[in-house]
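Trainee: I have a structure to go through. Can we take it piece by piece?
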Amino acid sequence: MQRVVSLFRRILCHELSSYIVIGLLLRAVLMPYLIWPYDIGAYRTGLVYFLNGSNPYFYHASIYPPLVYFLTFPLFSVAYHFGFSLNPPSTLEAITESSANGAAAILQVDPWFIVLWKLPLLCFDLLTGILIYYFVKELSVDLKLPKRLFLVWFFNPFTLAISYVHGSYDIFVGFFILLGTYFLYRDSHLSAGLCFGLGTLAKTSPIFVALPLSVILLFKGVIGSWNIAAFKVNARVFSKFVVGIGASLLLFAPLFIEYSYLMYAGISREISITGGLNQWFFAADLQRSYWINQYISTIQAGFSYYPLVCLVISLLFCKFARLSPEKILFAAAFFTNLVYFFLPISLQPQYLLWILPLLVVISSVRKHFLWLFGLCSAAGFFFYLSIQGPRIFLYPLTMYTSLYKPEELVQHISTYLNAPGVFSRFLRQDLCTIFGGIGFVGLLATTVLLIKYLWVTKNDEEG
Amino acid sequence: MTKRDKWLYVPAAILILLLVSELTWYAPYTRPRTGSFSILDVIKQPEGTGTNITIVYQLNASLPLDASIVITPVRTTPQDLPVYVFYDVAYPTVGTDWILSAMLQAHLKAELTMRGYNATVKLVSAEELETILLSKELAIVIMASGAFPSSILSKDVNLIKPWVDSGGYLFGLAFT
């Protein structure tokens with residue numbers, strides 16, 4: 001009992017506790033009545049099938065990964081037993097009426113559903129912040145820096161917008177990549193593998209980070225010298241890492257195979273830069289992507305070289321760079337960043353959350369990265385607000401409170417959607433192109449800087 | 001002895017949670033009955049009394065389900081015919097955009113593949129379309145641009161009717 005009291009006291013007296021309370025209150029305000037009105041309908045449909053014991057992939061009810069369902073399943077099951085219903089909301093008439101002019105496809109859900117959906121996001125968001133705090137503590141001698149960087153993460157408007165306004169689950173991916181990298185830094189390779197595997201169950205991108213990292217683990221310090229003893233040590237480390245990844249993936253093998261097939265058949269054959277409005281930079285103005293569509297097969301062929309590109313870069317790092325434990329952090333960020341340029345899937349601003357936690361941590365050793373974190377966050381945030389205007393997230397607020405009338409909301413959204421642009425047909429296309437372009441430049445600059453710091457050769461460091 | 005890193009418990013805890021969730025989901029006694037659809041009987045009216053067919057079916061579902069049952073006569077069952085989506089920026093569109101035709105092809109290709117339909121799904125120009133129609137190739141053509149090119153259908157030319165008569169399938173979208 002005394003230990004529990006002591007633990008409780010330590011938590012309360014921690015330098016982060018008051019900020020965490022403020023942050024949680026802020027999140028509690030954002031959670032119930034704000035959501036991106038498109039994806040949440042698909043989340044609900046997929047969950048309805050899942051809670052009914054049906055395979056959502058078989059019925060093509062969803063293309064969301066298995067981890068999302070297995071993670072939310074206990075929560076929604078318990079809620080169901082307490083009388084929570086997943087049925088469509090009772091205000092169906094109001095919804096139909098408000099969407100009658102076709103301004104937006106409105107798939108509304110109950111605010112309680114939104115809160116339950118966002119609870120796991122809250123847990124992972126908080127865990128990410130705390131992990132940043134402890135990771136920075138290990139990397140930096142500055143005693144104030146861990147708290148500062150925790151605050152940068154915890155109160156960043158973009159990260160708040162992704163999880164609590166949009167309701168996207170990319171925080172799972174960001175957390176697992178960061179935790180996996182932390183374990184690599186700490187030489188806990190099995191746990192690192194488990195984390196990258198769990199991340200892959202949340203979205204396929206972490207596997208594209210883990211594969212080149214595994215090559216680095218295998219060939220680090222042996223290329224050129226052909227040191228057999230060192231290679232044996234590396235092989236042991238490599239196998240631990242790969243076993244960790246494999247164990248996570250095997251855990252959900254049946255559904256994960258189906259999900260992977262669906263992704264391969266459905267998503268990977270679509271080029272990333274065709275698609276709807278919710279795209280990053282290139283497709284902001286569909287008219288401008290004509291030339292891209294004419295060369296779709298060429299661009300897709302380029303994507304297929306991603307494994308080869310990664311292999312070559314990984315081997316070059318092994319040959320020329322001094323891979324200190326700190327450098328594995330840079331390498332993880334580099335390959336996460338590379339995914340944005342190569343993956344043949346739709347690129348959306350919320351995907352920035354995969355790399356942002358790494359950038360915050362890296363900024364503790366290279367301050368420039370905090371600027372890049374700010375640039376990417378700002379670009380992503382304003383891109384979000386430009387897609388269909390900031391009011392697009394307010395549908396639950398209009399449906400379930402009297403603060404804002406649905407008709408007024410639809411009118412305001414329509415006005416924004418039809419506002420003429422300066423160099424595109426519509427203002428929204430202008431804004432998306434500008435902010436998408438800034439984000440794109442931010443990612444390019446991140447790549448260049450990461451290469452610069454990774455490419456410090458043995459001689460340079462010794463010099 | 002080094003102090004054990006507390007973060008090691010995090011993936012372990014998540015794995016345990018997921019494993020419990022998975023076992024519960026797969027456990028047969030916790031799973032509700034899934035939906036099913038079956039045709040019990042097909043009763044044809046006797047010869048000479050008309051063309052009525054009565055179909056007896058059974059639909060069971062515990063899901064929140066909104067089902068529409070469509071029964072349609074089928075003369076033949078086409079197997080994986082090639083699908084051609086007309087796309088030629090040299091021609092104008094009516095009430096739509098070429099980019100939408102290209103997107104339709106991309107999505108259709110993916111959706112059909114997922115459902116086990118493995119034939120070609122490709123974009124074709126006006127010239128290629130003309131060749132397909134003239135050769136009477138058995139295929140599915142989708143015209144999503146709202147208009148036909150004059151080399152295919154105009155006051156003087158009609159390549160569509162002979163091709164459809166020979167068994168081709170034409171889908172027109174965006175026509176007003």
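Trainee: Is A:L316 buried, partly exposed or exposed?
Mentor: This is a predicted model. A:L316 lies in helix α16 of chain A. Its relative accessible area is 33%.

Trainee: Which helix gives the most to the nonpolar patch?
Mentor: The patch covers about 700 Å², and its residues include A:L316, A:F320 and A:W455. Five residues come from one helix, residues 306-320 of chain A. That helix is α16.

Trainee: How are α6(A) and α7(A) oriented, roughly parallel or roughly antiparallel?
Mentor: Helix α6 (residues 111-139) and helix α7 (residues 145-154) of chain A pack with their axes 8 Å apart, at an angle of about 155°. Angles over 145 degrees count as roughly antiparallel, so α6(A) and α7(A) are roughly antiparallel.

Trainee: How many residues apart are A:D125 and A:R27?
Mentor: Their side chains meet in a salt bridge, 2.8 Å from N to O. The pair links distant parts of the chain, with A:D125 in helix α6 and A:R27 in helix α2 of chain A. Both A:D125 and A:R27 are buried. The separation is 98 residues.

Trainee: What separates B:K161 and B:D165 along their helix?
Mentor: B:K161 and B:D165 form a salt bridge, with the closest N and O atoms 3.0 Å apart. Both sit in helix α4 (residues 160-165) of chain B. They are four residues apart, which means a separation of about one helical turn.

Methods: Residues are numbered from 1 along each chain as its sequence is written. Chains are lettered from A and ligands numbered from 1 in the order in which they are written. This is a predicted model: local features need pLDDT of at least 70, side-chain atom pairs count only at pLDDT 80 or more; totals for chains, interfaces and linings use all residues. Side-chain values use heavy atoms; hydrogens and water are left out. Patches are made of residues with over 30% relative accessible area and no salt bridge: like charges are joined within 9 Å, nonpolar side chains (Val, Leu, Ile, Met, Phe, Trp, Tyr) within 5 Å. Accessible areas come from the Shrake-Rupley method with a 1.4 Å probe; for residues, only the protein chains shown count as cover. A salt bridge is a side-chain nitrogen of Lys or Arg within 4 Å of a carboxyl oxygen of Asp or Glu. Helices (H or I, at least four residues) and strands (E, at least two) are DSSP runs, numbered from the N terminus. Buried means under 20% relative accessible area, exposed over 50%, partly exposed in between (1.4 Å probe, protein chains only). Axes are lines fitted to C-alpha atoms, for helices over the stretch in contact, and angles run from 0 to 180 degrees between N-to-C directions. Angles under 35 degrees count as roughly parallel, over 145 as roughly antiparallel, 65 to 115 as roughly perpendicular and the rest as oblique.
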